[in-house]
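Dear colleague,

Please find the structure below, together with an account of what was found in it.

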Number of protein chains: 2
Amino acid sequence: MKKIVLFGAGKSAYTLVNYLAKEAKAQQWQLTIADINCKPWEGKFSSEIVDLVPFSLDNEALKHSLIQESDLVISMLPARFHPSIAEACLLHSKNLITPSYVSPEMQAMDQEAKSKGLLFLNELGLDPGIDHMSAMKLIHHLKEQGAAIEGFESFTGGLIAPESDNNPWHYKFTWNPRNVILAGQGGAVKFLHNGRYKYIPYHKLFDRTEIVHIDGYGDFEGYANRDSLKYIDLYGLQGVKTMYRGTFRRPPFCKAWHVLAQIGATDDSYVMEDSENMTYRDFINTFLKYREKDSVEIKLAYYLGIDVDGDEMRLLTWAGLFEKKKIGLKRATPAQILQHLFEQKWALESGDKDMIVMWHLFNYRLNGEDHRLESAMVVLGDDQLNTAMAKTVGLPIGIAAKHILNGNIQARGVCLPLQADIYEPILQELEAFDIRFIEKQVF
Amino acid sequence: MKKIVLFGAGKSAYTLVNYLAKEAKAQQWQLTIADINCKPWEGKFSSEIVDLVPFSLDNEALKHSLIQESDLVISMLPARFHPSIAEACLLHSKNLITPSYVSPEMQAMDQEAKSKGLLFLNELGLDPGIDHMSAMKLIHHLKEQGAAIEGFESFTGGLIAPESDNNPWHYKFTWNPRNVILAGQGGAVKFLHNGRYKYIPYHKLFDRTEIVHIDGYGDFEGYANRDSLKYIDLYGLQGVKTMYRGTFRRPPFCKAWHVLAQIGATDDSYVMEDSENMTYRDFINTFLKYREKDSVEIKLAYYLGIDVDGDEMRLLTWAGLFEKKKIGLKRATPAQILQHLFEQKWALESGDKDMIVMWHLFNYRLNGEDHRLESAMVVLGDDQLNTAMAKTVGLPIGIAAKHILNGNIQARGVCLPLQADIYEPILQELEAFDIRFIEKQVF
């Protein structure tokens, strides 16, 4: 009887847990759920199939015994904890799956994992995850046809479903709010556009968006991710002239967010004086020039050269950024103040559903002609548990787990899902869950 | 016979060395110059008075013996080396002077220095240095009169003398070029304006300047330094409504530099792809959108909303930033590329003289009336050795050295020149070198 141990079974693992429990029953496996809080899962599954183990990471002995007794380890813990799990997997010679980016510590285990015949499969969620797999499938397909890929663009967005979209930002928090507030920070953006290297500093990022239309879902606006250049080698696209990866929002989100980035309101590097007694209006005013007789609104519009009656001001006003309402947060950074505000404004309401949108664009030459191929995936949440996020992050991991246990995957070492024997069965089974790409050959 | 050891005798110590040598002769002291390169000083002074000791910092034994034999230690080394000198001063119970900001390591030695009756006098150059002393003198004077100081602003600029000012930036490198390129980076700017806390992110800093007129020298523009707020306590100005410290340039320097900061050209955090083969025109273009048919000039002007025939474009064009000339720097950051260019454009020519400008503004209430007092210091370089920078950095240290050796200063521990018994004799003797403040009671 094969055993899987899953570390971390919080909200984003909801779909994964249910998938694994169902497969465990069908395939006669045993699933162990190790989480600091197992309460949500009590009474949901037969205890013969699913074992609930209260677990905290300081319990080294329990970590080792759970891994030692398993055939496959899945870590849905926050990414910083993966290396400690991976080290135990090396020690006990167990395979490992994580949804997270390969850290240098993880990469350093590649040789030892290989020499022990182990697979440490990472970046197997949505983004990174489905983005890699769906891109590689088309890249391999185009190359097999003899195409020369000249441009690749790819965007992903974690958004709100159209039916739940009822605010002018067309956005609600469907995942980690702090990451949304700080998105794009930490260094200049790098990409390649028609053979030209391009760099965008953070404070200009939301001013440099691209509009993408997806049939049936309307317009999205994409801003660039940190480093698109590293994907040239990763995807085997040496010689490509355009390489651009980004994140989707709904217009005019980025125009309004650009205002906040420009004035410095998303800064997380310093604590503001007397933040507790400041109002949101004061907060905006701290970034503007002192002019006794002018309103905060006119000073802001003039400072950034925007229309005082335009989209930007409409969205900021809706958010309450000009209200004389106390913030009430002690020793807060600007970013913490924004997060506090938007956690109220962008909160999911009962019944709200989320939406994941992924879109790839390939420009290629084939038989002397230029072609453009678009590929789009839109996934809607079923409810507040089986969200689009939980489905798209969890199902690839669940499906991979099945194929690893069944011995269908040959890769060894620290891997990404870039090879056909990994991505093919996953993408295929995802379609059964309505997670599929629609291709559109534009020309 | 009293002995001074001076660590570091490079360009910025030129005036100091000559001052100390002259005083040593007059007061029958012995001066030891410890520098990695003593060549420039060979044969300049009587060897009975001035001893030249080739010294590098890895020679611990020599460091200790030089300090042990001295009565006073002066460190003109780069600031990061002061703590190692200071520790040896503690060990051998010697007084110390440095021109640099007090680091946490230096501050940590305060108690031990006090308990041993030692004075470690720091921030005793120009800025920090003369700024502290001249401000404190007026603050003490105003308080003695019973004035309530409501606003304090202070700017310093290391610039080029009017007679040597022959480029449209009205700027040349008269000190460390790298620091000029990176000026303002590293965190948001904080100050207080009419009772309001204000914060400016780096990318808006050069757009938020203030014009100051100084009689006889015309207009200067000031941009804010990092943290003006900490000077409220330092200067004893609790309750002040405006606290603003900044740096001077000549208009329209900041407008043009703002363009470079905005597009990301001053970023030092990443290496540009293929920087070696890029032209300066390509360099600017990497920060702009790809648009096949538009010129770099029009794209830049449109991107930032500036006049294509305006000051900004005129200054950038003069600098050669639109030229198809190869940069030729391998693996360079944007900031390194800018530095490389401006080191050619802003180089001092033979005979060029520098200029130091410092300006304070006090707004205060006295006897129920509002008053405004300005105080300005302008120092011109004599030549390329006795520069305004070398004079204003070195002379305060030299004068302080004399008064410490003569026992005129009572302060002990890690100190700044904020007390009258330190600043009075220094400011007074500086006048003999034409380093003086002109006060202007505006109302």
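How many bridges join strand S1 (residues 3–7) of chain B to strand S4 (residues 72–75) of chain B? Four bridges join these two strands, and S1 and S4 of chain B run parallel. Within this pairing, B:Val5 has B:Val73 of S4(B) as its bridge partner. Strands are DSSP runs of E with at least two residues and helices are runs of H or I with at least four, numbered from the N terminus; two strands pair if DSSP finds at least two bridges between them.

Please note that the model is predicted: local features need pLDDT of at least 70 and side-chain atom pairs count only at pLDDT 80 or more, whereas totals for chains, interfaces and linings use all residues. Residues are numbered from 1 along each chain as its sequence is written, chains are lettered from A and ligands numbered from 1 in the order in which they are written, and side-chain values use heavy atoms, with hydrogens and water left out.

Strands S1 and S4 of chain B belong to an open sheet of seven strands in the order S3-S2-S1-S4-S5-S6-S15, with parallel pairing. Its edge strands, S3 (50–54) and S15 (413–415) of chain B, each pair on one side only.

Turning to the aromatic residues, the count comes to 60 aromatic pairs over all chains. Rings of Phe, Tyr and Trp (its six-membered ring) pair if their centres lie within 6.5 Å; planes under 30 degrees apart count as stacked, over 60 as edge-to-face and the rest as tilted. The pair of A:Tyr14 and A:Trp41 is stacked, because the ring centres are 5.4 Å apart and the planes stand at 25°. This pair links distant parts of the chain: A:Tyr14 is in helix H1 (residues 14–27) of chain A, and A:Trp41, 27 residues apart from it, is in the loop between strands S2 (30–35) and S3 (50–54) of chain A. Both A:Tyr14 and A:Trp41 are buried (under 20% relative accessible area, with exposed over 50% and partly exposed in between; 1.4 Å probe, protein chains only).

A:Tyr199 and B:Tyr270 also form a stacked pair, since their ring centres lie 5.0 Å apart with planes at 25°. A:Tyr199 lies in strand S9 (residues 196–200) of chain A and B:Tyr270 in the loop between helices H10 (253–263) and H11 (280–285) of chain B, so the pair joins two chains. A:Tyr199 counts as buried at 1% relative accessibility, and B:Tyr270 counts as buried at 7%.

Yours sincerely
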